[in-house]
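Please open the structure in a viewer and keep the selection tool at hand.

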Amino acid sequence: MAPEEQLIPALRKVLYSGQISEGAEVEAFEAAFGSFIGNPQVLSFYCGTAALHAALLLAGAAPGAEVISTPLTAEPTNLAILHAGAKVVWADIDPRNGNSAPGSIADRITDHTRAIVVVHYGGIPASLTAICELATARGIPVIEDAAHALGARYDGIALGSHSEYVIFSFQAIKHLTTADGGMLVCRNAGDLARGRRIRWFGIDRKAPRTEADITEVGYKYHMNNVNAVIGCVQLDHIEAVIRRHIDNGKYFDRALQGIPGIELPSWDAAAEPSYWFYTVFAERRDDLSRYLAGRGIASSLVHRCNDLHGIFDSSRRKLPALDRLYSRILHVPCGWWVGDEDREYIVETIRRGW
């Protein structure tokens, strides 16, 4: 059955059920997603940023705390740290791919560090073995922001089980979308009960409403049944979607090799990317972007480096590897909508020079 043929009846059923808020459909989506990533300890949220905020609270981020993160990401990654009241501490990046560099993370750890946020940039898994080893040695939880990386693997295992917390985004343009939504994956099953309270005003929804005692600030972060139904249908088709992203990405890995003025990203041998977008490092990057646009090919920087925003002025520091990479970085699409002819045209256009 085609996704649209499956989705419309499912949506109609839930919309007219009288049960639109968090209920059986949310539980079904959580169970299906947990099965897909190989970790059943999951909590759904109305967006990935809410899931990340909850992870930070569970990790102990609070006023006076420091959280190590990267500027090379969407702003919500780091705004969530401010939501928790903590200070952002920037780590420099791995020049191979834009992920956080383990050595730089190690240099930033202090007695005030309460968490390390690791972004799998563009769907390329960061160096999880090195990062988790240094974090474990200092007793600091790792939070993986896998918004770009559903379907990616590390050491042969799907992302979702390597560290204390992992968040996924189901925003409109991600590998899997629920229109908007997110998921928090926890290593420790004991975090789930508190996570459920955080996402619903600090209230235990399983307790009688008039008897529940709120002991910490909570939020209206839950997912509703409408979004969950969309997610369940998406999950039925997600393997083919991710497979197409990966196939396109591997095609570019091969076909863009050796082009003058272009360098391609690389990663740990243990990493298997899911290619949310495809990254190149280009000489005369802006000229290449204009050249591609003139030939009908979309390209962009995707994100503004977060350390350039005034709201993060107190975290400013020198990040030489990031500065060098950001002057050359460019992204082209490699998603499920990029067909064989499209990707061949992209490669042929770049090969002609700019």
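A residue is called buried when its relative accessible area is under 20%, exposed when that value is over 50%, and partly exposed in between. The model on display is a predicted one.

Select Asn-225, which is found in helix α8. Its relative accessibility is 0%, and because buried means under 20%, Asn-225 counts as buried.

Leu-159 is found in the loop between β7 and β8. With a relative accessible area of 2%, Leu-159 is buried.

**Second stop: helix α6**

Select residues 128–138, which make up helix α6. Which residues of α6 are buried? They are Leu-128, Ile-131, Cys-132, Leu-134 and Ala-135. These residues cover an arc of only 165° around the axis, and therefore they lie on the same side of α6. Next, colour Glu-133, Thr-136 and Ala-137 differently. These are exposed residues, carried on the face of α6 that is turned away from its buried side.

How many salt bridges does a search of the whole structure find? The search finds 16. Several of them may be visited in turn.

Begin with Asp-94 and Arg-96, whose side chains meet in a salt bridge of 2.9 Å, N to O. Asp-94 is buried, at a relative accessible area of 9%, whereas Arg-96 is partly exposed, at 30%.

Move to Arg-187 and Glu-164, where the side chains form a salt bridge of 3.9 Å, N to O. Arg-187 lies in the loop between β9 (182–186) and α7 (191–198), and Glu-164 in the loop between β7 (157–158) and β8 (165–169), so this pair ties together parts that are 23 residues apart in sequence. Both partners count as partly exposed: Arg-187 has 44% relative accessibility, and Glu-164 has 24%.

Then select Asp-313 and Arg-316. Their salt bridge has its closest N and O atoms 2.7 Å apart. Asp-313 is partly exposed at 44% relative accessibility, and Arg-316 is likewise partly exposed at 45%. To see a network, select Glu-22, Glu-30, Arg-199 and Arg-205 together; salt bridges that share partners join these four residues into one network.

Switch to a surface display and select Glu-341, Asp-342, Glu-344 and Glu-348. What kind of charge do these residues gather in a patch? The patch is one of negative charge. One of its members, Glu-348, is placed in helix α11 (residues 340–351). Glu-348 counts as partly exposed, at 43% relative accessibility.

A patch of another kind is seen by selecting Leu-15, Tyr-16 and Ile-20. These residues form a nonpolar patch on the surface, and together they have about 350 Å² of accessible area. Leu-15 has its place in helix α1 (residues 3–15). At 42% relative accessibility, Leu-15 counts as partly exposed.

Most residues other than glycine have a negative phi. Select Phe-201: although this residue is not a glycine, its phi is positive, at about 60°. Phe-201 is placed in the loop between α7 and α8 (225–255). This residue is partly exposed, with a relative accessible area of 32%.

Finally, select Val-302. Where does Val-302 lie? Its position is in the loop between α9 (285–293) and α10 (320–326). Val-302 also has a positive phi, of about 70°, although it is not a glycine. With a relative accessible area of 38%, Val-302 is partly exposed.

Key:
Residues numbered from 1 in each chain as written. Predicted model: local features only at pLDDT ≥ 70, side-chain atom pairs only at ≥ 80, totals over all residues. Heavy atoms only, no water. Patch = residues over 30% accessible without salt bridge, like charges linked within 9 Å, V, L, I, M, F, W, Y side chains within 5 Å. Areas by Shrake-Rupley, 256 points an atom, 1.4 Å probe, with all protein chains shown as cover. Lys, Arg positive; Asp, Glu negative; His and termini not counted. Charge placed at Lys NZ, Arg CZ, Asp CG, Glu CD. Helix = DSSP H or I, 4+ residues; strand = E, 2+ residues; numbered from the N terminus. Buried < 20%, exposed > 50% of the residue type's maximum accessible area, 1.4 Å probe, protein only. Arc of directions from axis to C-beta.
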